[in-house]
Amino acid sequence: MIALGTPPTFYLGTHEPSWLGREEVPGDACLFVSHRRLAERGRLPRARMHWALDSGGFSELQLYGEWRTTAKDYVAAVRRYDEEIGNLGWAAPQDWMCEPIIISGGVANGVRFAGTGLSVEEHQRRTVANFIELTELWGCDWDSPFMPVLQGYHRDDYLRCWDLYAAAGVDLRNFAVVGLGSVCRRQAADEIGEIVRALLALDDELPVHGFGVKLRGLDKYGHLLNTADSMAWSYEARRANPLPECQADPRANHRNCANCIRYALRWRQTVVQLLDADRQRHHEQLSLFDGRGAAA
């Protein structure tokens, strides 16, 4: 677990792969880029900073109700990114999200979901099986970039997924990152916090990564995470006027800052400060109590 007083590593989500090579991005920043965006490019940027790869699973299941990218093709793509882009920290597997809209299908916020028609249990089984397949296809366990993801919707679902990994011979305590899936579209931050606490009760050093965590969630349980990512900045910027600097800059030439590196980096700095303050607040609260939970 990250030491108290140290905020979790935050990955700034971006749909602009070119940012990996942009000088404006500070060296201590971490980016989170989707395979679906990188796969479109013939020439790849050389990364100047640490970054992680999103498999694009939510979009693929939303569109098709299944994975159409094969495990073999995904592994080949990740090898290319690792070699040509460099500085790849880890890659998400081709996991199966468990939100009701992903499973049942329908329309949410004007977006149509195909629906998988499968159960949460089947999504979990396929998630574990895919992680094992990707690792085997990579061919070398010790340098595989793929990190396991716990999938589910309610607390006991995630505990069951933990057991599925264990039954398959995968010890989640051996990985640098363990993803917490199916949280990015949820508003119930308290429920997600309880899920993280239940997982940490199994191993208080479990390095949990929160996928697409909202600011409200980071404020409530960010101190429990080792890493998190979000690109909520783009959603917010799309519904606001451009920054004054962008309005004054003829080179910017955009009606909003939904794709704006200036806006994104400023938003990232706000998030990093929030996480730092949250971790410090939690540390100070704990310092008021002794090991038995009584006031010191």
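**Briefing: cysteines, sheet and helix packing in a predicted model**

The number of disulfides comes to 0, a disulfide being a pair of cysteine sulfur atoms within 2.5 Å. The model is predicted: local features need pLDDT of at least 70, side-chain atom pairs count only at pLDDT 80 or more, and totals for chains, interfaces and linings use all residues. Residues are numbered from 1 along each chain as its sequence is written, and side-chain values use heavy atoms, with hydrogens and water left out.

- Cys30 takes part in no disulfide, and the nearest cysteine sulfur, that of Cys184, is 20 Å away.
- Cys30 counts as buried at 10% relative accessibility, where buried means under 20% relative accessible area, exposed over 50%, and partly exposed in between (1.4 Å probe, protein chains only).
- The closest cysteine sulfur to that of Cys161 is in Cys98, at 7.5 Å, which is too far for a bond.
- Cys161 is also buried, with a relative accessibility of 0%.

**Sheet**

- Eight strands form an open sheet in the order β4-β3-β2-β1-β10-β9-β8-β7, with parallel pairing; two strands pair if DSSP finds at least two bridges between them.
- Strands β4 (88-91) and β7 (149-150) are the edges, each pairing on one side only; strands (E, at least two residues) and helices (H or I, at least four residues) are DSSP runs, numbered from the N terminus.
- Strand β1 (residues 9-14) runs parallel to strand β10 (residues 227-230), and 4 bridges join them.
- Tyr11 has Asp229 of β10 as its bridge partner.
- Helix α3 (residues 71-84) packs on the sheet, where it touches β3 (51-54) and β4, and its direction makes about 160° with that of β3. Contact means heavy atoms within 4.5 Å.

**Helices α5 and α6**

- Helix α5 (residues 120-138) packs against helix α6 (residues 155-167) at an angle of about 35°, with the axes 10 Å apart. Axes are lines fitted to C-alpha atoms, for helices over the stretch in contact, and angles run from 0 to 180 degrees between N-to-C directions.
- The contact includes Val120, Val128 and Phe131 of α5 together with Cys161, Leu164 and Tyr165 of α6.

**Leu134**

- Leu134 lies in helix α5 and is buried, with a relative accessible area of 0%.
- Leu134 touches Ala71, Tyr74, Val75, Pro93, Gln94 and Phe146, not counting residues up to four places away in sequence.
- Leu134 and Met147 are separated by 13 residues in sequence and by 9.8 Å in space, C-alpha to C-alpha.
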